[in-house]
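Colleague: Please take a close look at one part of the surface for me, then follow the side-chain contacts elsewhere.

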Amino acid sequence: MPYQVRVGWVSGGWEGRRFLHIGHNKRRKMALEGKNHKMGIIARQSIKGAVANYVGVAIGFFVSFFVLTRYLTQEEIGLTRVMVDAALLFSSLAQLGTNASLVRFFPWFKTPSPLRGTPPSKGGEHNVLSHSSPYVLSHSSPSQGEVPEGRRGKKPSQEGIPNHGIFGLSVLVPLAGFCLFALAFLLFREPLLTVYAQNSPLVADYFYLIPMLTFFALYTTVFETNASVLLRITVPKLVREVGIRLFNLAAYLLYGYDLISLDVFVWLFCGSYGLAMVLNLMYLRSLGRISFRIDRGFLDRGKVREMARYSLFMTATVLAGNIPLFNSLFLGAKAGLALTGVYTIASYIANVVEVPYRSLGAISRPVIATAVKEEDWDEVNRLGKQVSLHQFIVSISILYLIYINLDTLFALIPNGADYAAGKSVVLILGLAKVVNSSLSVCTDILNFSRHYAWSLLYIAILTLAAIGLNNALIGPDSAIEGAAGATLISYLAYFALLMRQLWHEDVNVLTWGHLKMVAIMTALAALYVAWTAIAEPALGMHPLLAAVVRTAILGALLAAAILGWKVSPTVNAMVKRH
């Protein structure tokens, strides 16, 4: 069937007949104007969101290393970590895949948007190629007033409901998921309390707050995702990255100066996520593009079934991103909150390793998805190698520079000697972050391919491995090292299976550059041991000055080795060009 022009579903039926008579050049100009306007919004919001993220990182660094370690005991730090990780794990499952479905299916629900800055259409016509039009090309062009296929015989679509009520769906489905979680929580409350009562009595004391914290975390994320699909991410980013941290900082200081009791502190800590949820909802309402009503006349059974299948699939896959959450939960149950607090500080340090991947992954995924869709496996292979190699170079270099300065960091932070036992955890967890950030491109390639269902099997293996290894490796003599080791081994097994699967499509993300980088890091690790054992004692420098000199010399050698050995021709070309 030949392609014809089709336009969005708007008030008054299917329109666009006048558009058919617009010249080709004018249609092309209108399309470019709409795309440029949309990309302008994305660029501005991305820049603002990045600024909010880095401000949050700076606040988080200060709070984690100079406030938490000073005013809270190890047990109290462990308590907050266990509660938050439990809430995040339960809320991610309670979403029932809603957030992923919201992103994927929003263009189907989207109605013409009055967002600020939308260029007005000329001559009173609908700008059908603007960013608010969900479709441009289709197999058919319904006549005026015709009901689209799949909705014939259904209740007419209700007018005046923004985006056909997808916001209402995104609120209702997680509510059902939360009710299921609450039921499971009530059924298994006593066994869970028994697990924590012996080694972590504080968790048992505040166990009743976990459902409330789960609800807050759930809808904070849901409202944040709704703002994201409306191309408004700055305010939700500020709320999550800055607002929650500042509110928690106030709670830490009030408790640290004995102005409030532990009970009040825990309530305020949980309340920070409730405040974030309310602020995100208020922001969404200010945009004027949400409604709790659902346009049932717009839905058809086929699309609902498709959304349900995709949501169930994403509910299963969400476990892969939450593997690190198991560590603190197992530690709290088996080793107590003091070691969980040490592990928490170590994990904050290790998390810095994968920060660059958040940007690189967001940029690379759409390009990889397009190449996979077109079955251009040579391009997929090339992109996979590029992303994996450069992320490996960046992440392992960050881990190296962090590790060679850990002793100095622990000497600077309050009560640092109590947390220095986590040095080995930083290394093990850091390596796990390197593996995850370098090879996550394999997950992207598989999920975008026709073999995406295999992800369920591998995620099941990863989850079972993480649970089994945490249970086996967390012991009395090596609790925090065992938890970190469980994560590293689980990721190695998971990505080995993924790469084996991709080899059937002749895709291999590993290169000689990876091996070169491993050789460089091995040599530099030996040089670091020699430098700290021989050179620094002989020079007798102040610890801070020694850290600066050490970082400058070893960092320069690292950069020289990467460029001199041409680990990445792309990096060498960029350096030469600039």
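Modeller: Helices here are DSSP runs (H or I, at least four residues; strands are E, at least two), numbered from the N terminus. The model is predicted, so local features need pLDDT of at least 70 and side-chain atom pairs 80 or more, while totals for chains, interfaces and linings use all residues. Residues are numbered from 1 along each chain as its sequence is written, and side-chain values use heavy atoms, without hydrogens and water.

The surface part is a nonpolar patch made of Phe61, Phe62, Phe66, Leu412 and Leu544. Patch members have over 30% relative accessible area and no salt bridge; nonpolar side chains (Val, Leu, Ile, Met, Phe, Trp, Tyr) are joined within 5 Å, like charges within 9 Å. Together the five side chains of this patch have about 460 Å² of accessible area (Shrake-Rupley, 1.4 Å probe, only the protein chains shown as cover for residues). Helix H2, which spans residues 24–71, gives the most to the patch, with 3 residues. Leucine 412 belongs to helix H16, residues 406–412. Leucine 412 counts as partly exposed because its relative accessibility is 49% (buried is under 20%, exposed over 50%, partly exposed in between).

Lysine 423 and aspartate 407 meet in a salt bridge of 3.1 Å, N to O (a side-chain nitrogen of Lys or Arg within 4 Å of a carboxyl oxygen of Asp or Glu). Aspartate 407 is partly exposed, at 46% relative accessibility.

The structure holds 8 salt bridges. Among them is the bridge between arginine 245 and glutamate 241, at 2.8 Å from N to O. Arginine 245 and glutamate 241 are 4 residues apart in helix H9 (residues 234–256), so about one helical turn separates them. Arginine 245 is partly exposed, with a relative accessible area of 27%, whereas glutamate 241 is buried at 12%. Glutamate 190 and arginine 189 form another of the bridges, with their closest N and O atoms 3.2 Å apart. Arginine 189 is partly exposed, at 30% relative accessibility.

Aromatic rings come next. The whole structure has 21 aromatic pairs (centres within 6.5 Å; planes under 30 degrees apart are stacked, over 60 edge-to-face, the rest tilted). Tyrosine 208 and tryptophan 267 form a tilted pair, 6.5 Å centre to centre with 50° between the planes. This pair links distant parts of the chain, 59 residues apart: tyrosine 208 is in the loop between helix H7 (201–205) and helix H8 (210–229), and tryptophan 267 is in helix H10 (residues 262–287). Tyrosine 208 is partly exposed at 43% relative accessibility, and tryptophan 267 is partly exposed with a value of 43%. Tyrosine 491 and phenylalanine 495 form a tilted pair as well, at 6.2 Å and 40°. These two are 4 residues apart in helix H20 (residues 479–503), so they are separated by about one helical turn. Both tyrosine 491 and phenylalanine 495 are buried. Finally, one aromatic cluster includes Phe90, Phe178, Phe215 and Tyr219.

Methods. Buried < 20%, exposed > 50% of the residue type's maximum accessible area, 1.4 Å probe, protein only. Phe/Tyr/Trp six-rings, centres within 6.5 Å; stacked < 30°, edge-to-face > 60°.
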